[in-house]
Amino acid sequence: MTINQMALGCLLLPIIGAFITRMLGSNTVSRWLPIVCMTGSMLLAMALFRDAGFVQKSIDLYQYTWLDFQGYRVEIGFWLDALSLMMMVIVTTVSWLVHIYSLGYVARDPNQYQYFSYVSFFTFAMLLLVMGNNLLQVFMGWEGVGLASYLLIGFWQTKAYPSKASIKAFVVNRVGDMGLLIAMGLILMQLGSLEFGQILSKGSV
């Protein structure tokens, strides 16, 4: 497998597991499928770190252009350097451990398939955040993390405290959204790009 294929597989396996688990509902497959997908994602992250984690030069992997407006172009892609590769290993490993622990934690919950799909979606959003090669993609990952946090905190909706806590977390995250959006706007105005490669090259001039 190429580095691009491994990176894409690492990102997509958690969201595939989350989607299929949510569609299948409560059964044995939906109990174990997220763990299988998470194991694959973790192994790919470790393989990427082994192959490229100690490379001095950052790897910018282009996927496709999804926004091109009046000279401002935003791509979907991956920015792989020592830090992002290490974070990919940490995110996938911790998520794998959470999945394993959750086998007992929600074993008697009739809606455990929802819980597992939320955790897998959270992992996907975190990977989108740490792997993104531009600030808009990072923002999309941040929003996904906020949504997953809201769903996980309020998982037991029949209890008042988790429901209130999830709403509080959702509102507080919006404060962070405003700061990030303002920073992105200023960077775009000053440097004319949201892509890390161009930001670093223009910022060093």
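Colleague: What makes I16 buried, exposed or partly exposed?

Modeller: I16 has a relative accessible area of 40%. Buried means under 20%, exposed means over 50%, and partly exposed lies in between, with a 1.4 Å probe and protein chains only. I16 is therefore partly exposed. The model is a predicted one, in which local features need pLDDT of at least 70 and side-chain atom pairs count only at pLDDT 80 or more, while totals for chains, interfaces and linings use all residues. Residues are numbered from 1 along each chain as its sequence is written, and side-chain values use heavy atoms, with hydrogens and water left out.

Colleague: Where does I16 lie, and of which nonpolar patch is I16 a member?

Modeller: I16 is placed in helix α1, residues 3-24; helices are DSSP runs of H or I with at least four residues, strands are runs of E with at least two, and both are numbered from the N terminus. Together with L8, L12, F19, I20, M23, L24 and V29, I16 forms a nonpolar patch on the surface. A patch takes residues with over 30% relative accessible area and no salt bridge, joining nonpolar side chains (Val, Leu, Ile, Met, Phe, Trp, Tyr) within 5 Å and like charges within 9 Å. The patch has about 700 Å² of accessible area together, computed by the Shrake-Rupley method with a 1.4 Å probe, where for residues only the protein chains shown count as cover. Helix α1 supplies the largest share, 7 residues.

Colleague: How do you know which residues meet in a salt bridge?

Modeller: The side chains of R50 and D51 meet at 2.9 Å, N to O. A salt bridge requires a side-chain nitrogen of Lys or Arg within 4 Å of a carboxyl oxygen of Asp or Glu, so the pair R50 and D51 qualifies. A search of the whole structure finds 1 salt bridge. R50 is exposed, at 59%, and D51 is partly exposed, at 39%.

Colleague: What makes β1 and β2 a pair?

Modeller: Two strands pair if DSSP finds at least two bridges between them. Strand β1 (residues 59-69) is joined to β2 by 9 bridges, and the two run antiparallel. D68 stands opposite R73 in β2.

Colleague: What makes the largest pocket a pocket, and which residues line it?

Modeller: On a 1 Å grid over the protein atoms alone, a pocket is an open set of points with protein on both sides within 12 Å along at least five of seven lines, and lining residues have an atom within 4 Å of a point. The largest pocket is lined by 14 residues, with V98, Y115, V119, F122 and L152 nearest its centre. Helices α3 (82-105), α4 (112-131) and α5 (135-153) each give two or more residues to this lining. Its space is about 280 Å³; a volume is the space filled by probe spheres set on the points, which are joined across faces, edges and corners.

Note on methods. On a 1 Å grid over the protein atoms alone, a cavity is a set of points where a 1.4 Å probe fits but cannot get out, and a pocket is an open set with protein on both sides within 12 Å along at least five of seven lines; lining residues have an atom within 4 Å of a point.
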